[in-house]
Each structure stands twice: as structure tokens, then as C-alpha cells.
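Me: I have a model open and would like to learn how to read it. Please take me through its features one by one.

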Amino acid sequence: SGLEYEFRTVCVPRLHSPESIARIARDLAPCDRYVLRAFRPMNTLDPEYENVPAPTPEEMSAYLAAAREHLPNASAGSD
């Protein structure tokens with residue numbers, strides 16, 4: 001279609017692992033823009049998730065490395 005797009009995944013430690021992020025990236029390949037965002041435990045739809053800690057910088061690095069196995073241009077950003 002020629003329209004720009006970006007896929008994003010909010011990385012939640014309870015839900016994601018480097019392996020699951022790698023599977024997502026593999027399924028999205030080839031896409032030009034894939035961005036990982038760190039989960040923030042506030043104002044969640046399910047109050048239980050307000051007790052889930054945000055991913056550590058080390059966890060985010062592991063998620064990003066896993067994504068880049070399939071999508072070398074994957075990035076991590078913040079809102």
C-alpha cells in the first residue's frame with residue numbers, strides 16, 4: 001500500500017521472554033520498523049499487572065538482541 005507502519009511490542013516480564021520476542025520478530029520479518037517498549041506497571045487494565053515489575057535494562061537488552069536475530073533494524077524506545 002505504500003503506507004508507513006511500525007510494529008510494537010510492550011515487553012512484560014511475566015508474559016515475554018527472549019524466545020517469545022524472537023518468535024514475534026521472525027513472524028514479522030521482513031518489516032522495516034519493529035520497536036520494543038518496556039512495560040510500565042501503572043494504570044493497567046488488569047490491576048494485577050500493577051504488581052508486575054518493569055523489565056530491567058538487562059532484560060530489555062536480551063529482548064532486543066533476540067528481536068535483532070530476525071530483524072536487524074529492531075529498536076527499543078520509550079514513550
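Reply: Start with burial. Buried means under 20% relative accessible area, exposed means over 50%, and partly exposed lies in between, with a 1.4 Å probe and protein chains only. Take A22: its relative accessible area is 12%, so A22 is buried. A22 sits in helix α1.

Me: What should I know about the model itself?

Reply: The model is predicted, so local features need pLDDT of at least 70 and side-chain atom pairs count only at pLDDT 80 or more, while totals for chains, interfaces and linings use all residues. Residues are numbered from 1 along each chain as its sequence is written, and side-chain values use heavy atoms, with hydrogens and water left out.

Me: Which pattern does the protein chain follow along the sequence?

Reply: First, the rule for elements. Helices (H or I, at least four residues) and strands (E, at least two) are DSSP runs, numbered from the N terminus. The protein chain has two helices and three strands. Their pattern along the sequence is β-α-β-α-β. The C-alpha atoms fill a box of roughly 40 × 25 × 20 Å, taken along the principal axes. Of the 79 residues, 32% count as buried.

Me: How do I read contacts?

Reply: Contact means heavy atoms within 4.5 Å. Among contacts in the protein chain between residues at least 6 apart in sequence, 70% join residues at least 24 apart. A22 gives a local case. Leaving aside neighbours within four places in sequence, A22 is in contact with A66, E69 and H70. Contrast that with L45: A22 and L45 are 23 residues apart in sequence, and their C-alpha atoms are 26 Å apart in space.

Me: How do I check the length of a helix, and what does α2 span?

Reply: The expected span is 1.5 Å times one less than the number of residues. Helix α2 covers residues 57–68, and its 12 residues should therefore span 16 Å. Its end C-alpha atoms are 16 Å apart, in agreement.

Me: Which residues of α2 are buried?

Reply: Keep the helical repeat in mind. An α-helix has 3.6 residues a turn, so residues three or four places apart point the same way. In α2 the buried residues are M60, Y63, L64, A66 and A67. Seen down the axis of α2, they fall within an arc of 160° (taken from the directions from the helix axis to the C-beta atoms), so they line one face of the helix. They pack against β1 (7–11), α1 (18–28), β2 (34–38) and β3 (75–77).

Me: And which are the buried residues of α1?

Reply: They are S20, I21, A22, A25 and L28. These pack against β1, β2 and α2.

Me: At what angle do α1 and α2 pack?

Reply: Axes are lines fitted to C-alpha atoms, for helices over the stretch in contact, and angles run from 0 to 180 degrees between N-to-C directions. Here the angle is about 35°, and the axes are 8 Å apart. From α1, the contact uses P18, I21, A22 and A25; from α2, it uses A62, Y63, A66 and A67. Those residues divide into eight nonpolar, no polar and no charged. For those classes, Ala, Val, Leu, Ile, Met, Phe, Trp, Tyr, Cys and Pro count as nonpolar, Asp, Glu, Lys and Arg as charged, and the others, Gly among them, as polar.

Me: What about E59?

Reply: E59 is also in helix α2. With a relative accessible area of 30%, E59 is partly exposed. Beyond its neighbours within four places in sequence, E59 is in contact with P13 and A54.

Me: Now the backbone. Which bond is cis?

Reply: Most residues other than glycine have a negative phi, and most peptide bonds are trans. In this model a cis peptide bond joins A29 and P30, with omega about -5°. P30 is in the loop between α1 and β2.

Me: What is phi of N43 near?

Reply: Phi of N43 is near 55°, a positive value in a residue other than glycine. N43 lies in the loop between β2 and α2. At 73% relative accessibility, N43 counts as exposed.
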